[in-house]
Amino acid sequence: MIALYIIIGLICLIGLIISLFAMKSTDSSYSSEKSLKTFTWLYFLIVPISVIVVVIIAFVI
């Protein structure tokens, strides 16, 4: 069970690092609408994939 918590923590940490790096980059054609749309799609893809991976690992362990 501890391994599962470690994996969940790593997934959250990776998401945080990706978010911080994406926010640090500057873009001359910045648009808040474009940024919100990008982050929305990013999280709509990462969250389900993360849940699937965690569930698969939970059944394996």
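Guide: In helix 1, the residues L4, I7, I8, I11, G15, I18, S19, A22 and M23 meet F39, L42, Y43, S50, V54, I57 and A58 of helix 2, where contact means heavy atoms within 4.5 Å and helices are DSSP runs (H or I, at least four residues; strands are E, at least two), numbered from the N terminus. The residues of this contact comprise 13 nonpolar, 3 polar and no charged; Ala, Val, Leu, Ile, Met, Phe, Trp, Tyr, Cys and Pro count as nonpolar, Asp, Glu, Lys and Arg as charged, and the others, including Gly, as polar.

The model is predicted: local features need pLDDT of at least 70 and side-chain atom pairs pLDDT 80 or more, while totals for chains, interfaces and linings use all residues. Residues are numbered from 1 along each chain as its sequence is written, and side-chain values use heavy atoms, without hydrogens and water.

As to geometry, two packed helices are described by the angle and the distance between their axes. The axes of helix 1 (residues 2-24) and helix 2 (residues 32-60) come within 10 Å and cross at roughly 165°; axes are lines fitted to C-alpha atoms over the stretch in contact, with angles from 0 to 180 degrees between N-to-C directions. Helix 1 and helix 2 are therefore roughly antiparallel, the term for angles over 145 degrees.

The chain as a whole has 2 helices and 0 strands, and its C-alpha trace spans about 45 × 15 × 10 Å along the principal axes. E33 lies in helix 2 and is exposed, at 67%.

Technical notes
Angles under 35 degrees count as roughly parallel, over 145 as roughly antiparallel, 65 to 115 as roughly perpendicular and the rest as oblique. Buried means under 20% relative accessible area, exposed over 50%, partly exposed in between (1.4 Å probe, protein chains only).
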